[in-house]
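Okay, thanks for coming, everyone. Let me put the structure up, and then I'll talk you through it chain by chain.

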Amino acid sequence: MNEKGQLHTLEGLAAALMITMTVLVISQSTMMVTPQNELAVNVHLEQLSSDALAVIDTADSGSVEHDLTECVSSWNMMEATYPASSLCDLDDELSYLLPGVLYNIELAYFKDQNLNVKKVIINGPPGENSVVVRRFVTITNETVNDAGGGWNLKEDELRVVEVRMTTWKV
Amino acid sequence: MKDESGQIAVDFLLGISLVLIALSFTMQFVPGLFTSGSAGESSLDYTAYRTATILVEDTGWWEHSTGNGTDWETHTSDLMRIGLAVDDEPGTRLTNVPNLISKDKIGQFMLLDESIMVEVLGLYNNVDGSRFAYGYNISITKKGAIINVNNTAITRGTTVPDDQEIAKISRIVLIEHGTTAVLKGDSITSSSSSKATVNITGPFEENITIQLQNLNISGVGPAFVNASLDGAILTQPADMTIYRLEGWDHSPFSGSLNGTDVICFNIDNSLFNMGTEYRIDLEFSNVTFNNTGTSFVNYNNISSPLYEPAYLTVEVWQ
Amino acid sequence: MESMKDNTNGQWIILSGLVISLILIGLATLANQAVIAGYHSSNAALEFPKESIRELNSHTRDNARIIKDLTLHINSTSNDTVPFIYEGLFKNYSEQIEGLYALHGETADLTLVSVNSTNGTVNTSDIDMIFVNITYFDGNTYYSSRPEIIEVNE
């Protein structure tokens, strides 16, 4: 019996094993996740979200029923409880502009030097890779009265409100 | 079995084939692992992002030895940058509004020479000193359909191939779409307590929209009766369409209304061919107009551009 | 089995396996670096505060007009002068916006430089030009406009 015949087989097996193990180790290492496209997706989502707020803010009353200032002014000061929203107009306008995207909206403002952050639209807990965009509006007693909101501002008062939107893809 | 030399080839064959199988398995895996990190595609992403940003947020710029400004649509031979954002005062700084798209700029954008377009927007890649133009498609869509401005479908570039990696960025924009006049409550002038009246001086390139808000309801079952142009009744949908504005949506309007409705009358521009003053009467029942008199508000004095939301999509591929 | 130990002429197969493995590791390292580079440049697009800066700027411009209207409204029922009311309202506005920016770790600074009128009578309704210093810093990006000239006459 010639045993020489098994020799190269073993070496071939060893080489094959080595290459396979290398590939496995490389593919298991965390650095090989591909953040490239995921980040591009995030940039895209952030851009779309901030566009949506910008568009609602810049549109005048001929183009949209209520612009961002009017929507915020019309708030009745009640925080939203899931799944109801307390700023329905803004909710409708946003969902028209952002199909397939979920969002939560908070209003942040200073009242008597104290920071208030109130949830007004809740669509659930933010998913993975959510992004936050914000836009500022200034409301006065006049805009609140026109929109019928409950802000109760003084005649000579102006209040800056941050509209903070967290968006994520479903 | 005295001659054993033939067996050597068999074990060698087995060994080498094992290596080859492992190698081909590796090769199959490896390209899949590395593609998304490759430099070519990421630069596509940036090209798409940059192109969309410039078009939506910038007004563009023209410049020659004696002048410059943002109204490049009237100086296309001295074009430096392409941008579509509206600028009310082309001479002064920082009067542009991002996301608002100008109709005139769109018009010129569609007429631009292909090579200038690729050059100015940087839709090419430099490989070893030679230039390769990217494939691209720039379109403005609404509800999935490409929109028309001045009877031209707003799309540039070629059809998007479906067998290639494509970098795609969409932006939400407001696109100019005719003009509108907003009349609220007591600012509505009227020829009688049930007729809102507006004077209009033609001609117009696009349909006009009269928007009524905060109507003063004075009875049960308030409703719209009819609209007339210099006494002649206008018919739907040939002469005009009526809709309620709900958010961004145009909901159908049946005739009956309530006080919070925003009612829009979109009237065909061909009715105002002459450069003379026309008079529109909008008659309602159970709605009272308080501002009754003989002088009426003029549409041309209070109208502003009407914008509607749309998506500007830039797609780029190798 | 003795003859197997002596036969060494198959080692090149193992050696080639080793070489291929090393090449793979090298390739993986290179690709990883490309991914990291991509991460940073893509992140730069995500993190460059273009919206924050523009928002600060355009919101200040809008507010200069809102404050002007409010000032004239207050002035009609008050003994205070127009510039005095304007300064008070602007200070109030800049405190609010600076606070809201500070919440995100961004430093915004808005300072009213002067309230101007082309015909020199600032005390009446014809104020038309507001000078404001705007600065913004988020730890990486610094933006400054001094002064930002805002026309409030429309």
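So, starting with chain A: among its contacts with a separation of 6 or more, 66% are between residues 24 or more positions apart. By contact I mean two residues whose C-beta atoms, placed from the backbone, lie within 7 Å. Before I go on, some housekeeping: this is a predicted model, local features need pLDDT of at least 70, side-chain atom pairs count only at pLDDT 80 or more, and totals for chains, interfaces and linings use all residues. Residues are numbered from 1 along each chain as its sequence is written, with chains lettered from A and ligands numbered from 1 in the order in which they are written.

What is chain A built from? We get 5 helices and 4 strands, in the order α-α-α-α-β-β-β-α-β from the N terminus. Helices (H or I, at least four residues) and strands (E, at least two) are DSSP runs, numbered from the N terminus. Of the 170 residues in chain A, 50% are buried. Buried here means 20 or more other C-beta atoms within 10 Å of the residue's own, exposed means 12 or fewer, and partly exposed is in between, again with C-beta atoms placed from the backbone.

Have a look at S4(A). With 11 of its 12 residues buried, S4(A) is largely enclosed by the rest of the structure. Which way do its partners run? S1(A) is antiparallel to S4(A), joined by 9 bridges, and Val101(A) has Lys169(A) as its bridge partner there. S3(A) is also antiparallel to S4(A), with 10 bridges; in that case Arg135(A) is the bridge partner of Val163(A). For the record, two strands pair if DSSP finds at least two bridges between them.

For contrast, take Ala84(A), in the loop between helix H3 (68–73) and H4 of chain A. Ala84(A) is exposed, because it has 11 other C-beta atoms within 10 Å.

Now the contact with chain B: 42 residues of chain A touch 45 residues of chain B. On the chain A side, helix H1 (7–28), helix H2 (35–58) and helix H4 (88–97) each supply at least two residues. By class, that side has 17 nonpolar, 17 polar and 8 charged residues. Nonpolar covers Ala, Val, Leu, Ile, Met, Phe, Trp, Tyr, Cys and Pro, charged covers Asp, Glu, Lys and Arg, and the others, Gly among them, are polar.

Chain B itself is divided into domain 1 (59–177 + 309–317) and domain 2 (179–307), with bounds from an automatic or database domain assignment. Their C-alpha centres are 35 Å apart. The contact between them takes 6 residues from domain 1 and 4 residues from domain 2. Strand S13 (residues 167–184) gives the most to the domain 1 side, with 4 residues.

Gly202(B) to Pro203(B) is a cis peptide bond, omega near -10 degrees, and Pro203(B) is in the loop between strand S15 (195–201) and strand S16 (208–213). Lys143(B) isn't a glycine, yet has a positive phi of about 50 degrees. Lys143(B) counts as exposed because 8 other C-beta atoms lie within 10 Å.

On to chain C, which has 4 helices and 3 strands, running α-α-α-α-β-β-β. Here 28% of the 154 residues count as buried. Helix H3 (residues 50–75) of chain C has 26 residues and reaches 37 Å from first C-alpha to last, close to the 38 Å expected at 1.5 Å a residue; the expected span is 1.5 Å times one less than the number of residues.

Where do the buried residues of H4(C) sit? Among them are Val82(C), Leu89(C) and Tyr101(C).

One more cis bond to finish: Arg146(C) to Pro147(C), omega about -5 degrees, with Pro147(C) in strand S3 of chain C.
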